[in-house]
Amino acid sequence: MKSNRKFSILTKKRIVEYYKSGVKDEKRIRQEYGLSTTLLEKLERWYNKHFVNPKSVYSKIQKNRDMKRSRKSTKKKPTTKEKALAQELKKIQKEKQELEKALEWAELKSRIYETMVDVAEKELNLPIRKK
């Protein structure tokens with residue numbers, strides 16, 4: 001007999017306790033509550049999981065929590081040495097940028113001086129550069 005009924009936790013517990021204690025035999029329990037053999041077996045497994053050995057369920061939950069925590073903890077915090085290296089790297093990068101700007105200015109100055117010399121040689125007809 002198939003049933004789409006849902007049983008409360010107390011009813012499930014009572015059914016399995018009747019079955020385990022032998023107060024009622026399997027056939028009578030199945031007829032009274034409209035259960036199949038497989039459903040009665042499932043209820044028995046549910047009962048064993050939640051009431052007979054609940055610590056094992058708790059330990060599984062705890063293991064899952066520990067695994068989640070360990071995944072989070074894999075992102076380890078930087079040590080003082082790593083922090084110092086990171087600061088030094090930032091300093092070096094900043095210095096590099098400053099040197100690149102200085103090089104850019106030096107190249108610009110060089111072009112300006114070359115242009116001034118070219119204009120002076122052309123305008124004044126003086127050989128400023130030696131060949």
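Modeller: The protein chain has 131 residues, and 11% of them count as buried. Keep in mind that this is a predicted model.

Colleague: How many helices and strands does the protein chain have?

Modeller: Five helices and zero strands. Reading from the N terminus, the order is α-α-α-α-α.

Colleague: What about contacts between residues at least 6 apart in sequence in the protein chain: what share joins residues at least 24 apart?

Modeller: That share is 46%.

Colleague: Let's look at helix packing. At what angle do α1 and α3 pack?

Modeller: About 105 degrees. Helix α1 covers residues 9-21, and helix α3 covers residues 37-52. Their axes lie 9 Å apart.

Colleague: So what do we call the arrangement of α1 and α3, given that angle?

Modeller: Roughly perpendicular, because angles of 65 to 115 degrees count that way.

Colleague: Which residues meet there, between α1 and α3?

Modeller: On the α1 side you have I9, K12, K13, I15, V16, E17, Y19 and K20. On the α3 side you have L40, L43, E44, W46, Y47, N48, F51 and V52.

Colleague: How do the residues of that contact of α1 with α3 divide into nonpolar, polar and charged?

Modeller: Ten are nonpolar, one is polar and five are charged.

Colleague: Is T11 buried or exposed?

Modeller: T11 is buried. Its relative accessible area is 16%, and the cut-off for buried is under 20%.

Colleague: Change of topic. How many salt bridges does the structure hold?

Modeller: Three. One of them links K24 and E32, with the closest N and O atoms 2.9 Å apart.

Colleague: What does the side chain of E26 meet in a salt bridge?

Modeller: The side chain of R30, at 3.7 Å from N to O. Both residues are in helix α2, which spans residues 26-33. They are four residues apart, so about one helical turn separates them.

Colleague: And the accessibility of E26 and R30, what is it?

Modeller: E26 is at 29% relative accessibility, which counts as partly exposed. R30 is at 26% and also counts as partly exposed.

Colleague: Which residue forms a salt bridge with E100?

Modeller: K96 does. The closest N and O atoms of that pair are 3.9 Å apart, and the cut-off is within 4 Å, so the pair counts as a salt bridge. Both residues lie in helix α5, residues 80-124. Again they are four residues apart, about one turn of the helix.

Colleague: Last one. What is phi of N125 near?

Modeller: It is near 50 degrees, a positive value in a residue other than glycine. Most residues other than glycine have a negative phi.

Colleague: Where is the place of N125, and is N125 exposed or buried?

Modeller: N125 is in the segment after α5. It is exposed, with a relative accessible area of 63%.

Key: Residues numbered from 1 in each chain as written. Predicted model: local features only at pLDDT ≥ 70, side-chain atom pairs only at ≥ 80, totals over all residues. Heavy atoms only, no water. Axes fitted to C-alpha atoms, helices over the stretch in contact; angles between N-to-C directions. Helix = DSSP H or I, 4+ residues; strand = E, 2+ residues; numbered from the N terminus. Parallel < 35°, antiparallel > 145°, perpendicular 65-115°, else oblique. Contact = heavy atoms within 4.5 Å. Nonpolar A, V, L, I, M, F, W, Y, C, P; charged D, E, K, R; others polar. Buried < 20%, exposed > 50% of the residue type's maximum accessible area, 1.4 Å probe, protein only.
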